[in-house]
Amino acid sequence: MDANDLSLDDNRTLQAIGILADVLDGVEGPGGLDTVLVSKALRQVIATKSQPAFEFASRAFNTLEPSVRRQVAETADDAAHHAVELRGRVGGFLSTAPKKPAPQGSVVGQQPNFITALNLRSRRRPNQPS
């Protein structure tokens, strides 16, 4: 999936962007200021649903240190996994049941970019304790 495949009118895409922004807000230590700036850019995407804002946020995310991007992607993946589990547990109260995500390959050894981090939102890890 690339940026052209994402719809900024899709609630799941916006939710994934929000999860990524929340994770970036929690980064501490070196690079913390940079992650806050990227988080603000992501929140601008949510607010405006603007393709230029999305492209700016994507470029900003990709300027973060590779280790920070990797950690943010992993933490966002875990947060998204827990959100999907929660939605599954309360699925009877929601208007739609959660969709089973398509299996995706591992990103081990790759430097997560913005699109990869967003795509991780739909990957589920089988038999992982909560």
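Q: Why are helix 1 and helix 2 called roughly antiparallel to each other?
A: Angles run from 0 to 180 degrees between N-to-C directions, with axes fitted to C-alpha atoms over the stretch in contact. Over 145 degrees counts as roughly antiparallel, under 35 as roughly parallel, 65 to 115 as roughly perpendicular and the rest as oblique. The axes of helix 1 and helix 2 cross at roughly 160° and come within 8 Å, and therefore the two helices are roughly antiparallel.

A word on the model: it is predicted, with local features needing pLDDT of at least 70 and side-chain atom pairs counting only at pLDDT 80 or more, while totals for chains, interfaces and linings use all residues. Residues are numbered from 1 along each chain as its sequence is written, and side-chain values use heavy atoms, leaving out hydrogens and water.

Q: What makes V68 count as buried?
A: Buried means under 20% relative accessible area, exposed over 50%, and partly exposed in between (1.4 Å probe, protein chains only). V68 has 16% relative accessibility, so this residue counts as buried. You will find V68 in helix 4; its C-alpha atom is 9.2 Å from that of L24, 44 residues apart along the chain.

Q: Which residues of helix 1 meet helix 2?
A: Contact means heavy atoms within 4.5 Å. From helix 1, L14, I17, G18, L20, A21, D22, L24 and D25 meet residues of helix 2, among them T35, V38 and L42. By class, this contact has nine nonpolar, three polar and three charged residues.

Notes. Helix = DSSP H or I, 4+ residues; strand = E, 2+ residues; numbered from the N terminus. Nonpolar A, V, L, I, M, F, W, Y, C, P; charged D, E, K, R; others polar.
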